Amino acid sequence: MAVIVVAACPTGLRGHLTRWLLEISPGVFVGKIPARGRDLMWERVIDMVRSGRAIMVYSANNDQGLAFTVHEHDWIPTDVDGITLMLRPDRSMPDTDDGARSRKTGWSNASKRRRFGRR
């Protein structure tokens, strides 16, 4: 079983994927394909996606029973004690000059309004 989700991709890629998979929602393709065909299809997706994003989830022989593959996506599959989790970037912290993220300090705007009686 394989699920491929594409976003901001050319229509030709979507047409290509419908040859082997069912499109159950715009950009979401599902089907049962052999591992070799899945790998060849993923290479084709990477070639055709250009500036878009793609994620593939497929059956695997591990504790979770599935595995992830991503291309040009902010979320990154990360192994944690043998289980793959998706690591999301923290958007609440702005980037600093050196690329690291710094946390805002001080009171929030809501707490300032409550403290001074403004609503």
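Which residue in E4 does valine 6 stand opposite? In this predicted model, the residue across from valine 6 is alanine 54, and that pair is a handy way into the sheet.

The chain holds 3 helices and 7 strands, and from the N terminus on these elements follow the order β-α-β-β-α-β-β-β-β-α. Of its 119 residues, 26% count as buried. As for contacts with a separation of 6 or more, 34% of them come from residues 24 or more positions apart.

Five of the strands make up an open sheet, ordered E2-E3-E1-E4-E5 and paired antiparallel. Strand E2 (22-25) and E5 sit at the edges with a single partner strand each, so each has one side left without a neighbour in the sheet. From one strand to the next, the twist averages 20°.

On one side, E1 runs antiparallel to strand E4 (residues 53-59), and 6 bridges join the two. Besides the valine 6 and alanine 54 pair, valine 5 has isoleucine 55 as its bridge partner in E4. Then there is strand E3 (residues 28-31), which pairs with E1 in the antiparallel sense over 4 bridges. Here valine 5 turns up again, this time with valine 28 as its bridge partner in E3, while alanine 2 stands opposite glycine 31.

E4 in turn pairs with strand E5 (residues 66-71), again antiparallel and over 6 bridges. In this pairing valine 57 stands opposite phenylalanine 68 of E5. The two strands form a hairpin with 6 residues between them, and glycine 65 in the turn has a positive phi of about 85°.

What about the two faces of the sheet? In a regular strand, side chains alternate between one face and the other. E1 has a covered face made of Ala2, Ile4 and Val6, and an uncovered one made of Val3, Val5 and Ala7. Helix H2 lies across E1, E4 and E5, and it runs at about 170° to E4.

The largest nonpolar core has 18 residues, and the ones touching the most other members are Ile4, Val6, Leu13, Leu17, Leu21 and Val45. At least two residues of this core come from each of E1, helix H1 (11-17), helix H2 (35-49) and E4. H2 gives the most, with 5 residues. Leucine 17 touches both of them, along with Phe29, Met41 and Val45, leaving aside residues up to four places away in sequence.

Histidine 16, in helix H1, deserves a look as well. Is this side chain's residue buried or exposed? Histidine 16 has a relative accessible area of 10%, so it counts as buried, given that the cut-off for buried is under 20%. Setting aside residues up to four places away in sequence, histidine 16 touches Arg44 and Met48.

Technical notes:
Residues are numbered from 1 along each chain as its sequence is written. This is a predicted model: local features need pLDDT of at least 70, side-chain atom pairs count only at pLDDT 80 or more; totals for chains, interfaces and linings use all residues. Side-chain values use heavy atoms; hydrogens and water are left out. Two strands pair if DSSP finds at least two bridges between them. A nonpolar core is a set of buried Ala, Val, Leu, Ile, Met, Phe, Trp, Tyr and Cys residues joined through side-chain atoms within 4.5 Å. Buried means under 20% relative accessible area, exposed over 50%, partly exposed in between (1.4 Å probe, protein chains only). Contact means heavy atoms within 4.5 Å. Axes are lines fitted to C-alpha atoms, for helices over the stretch in contact, and angles run from 0 to 180 degrees between N-to-C directions.
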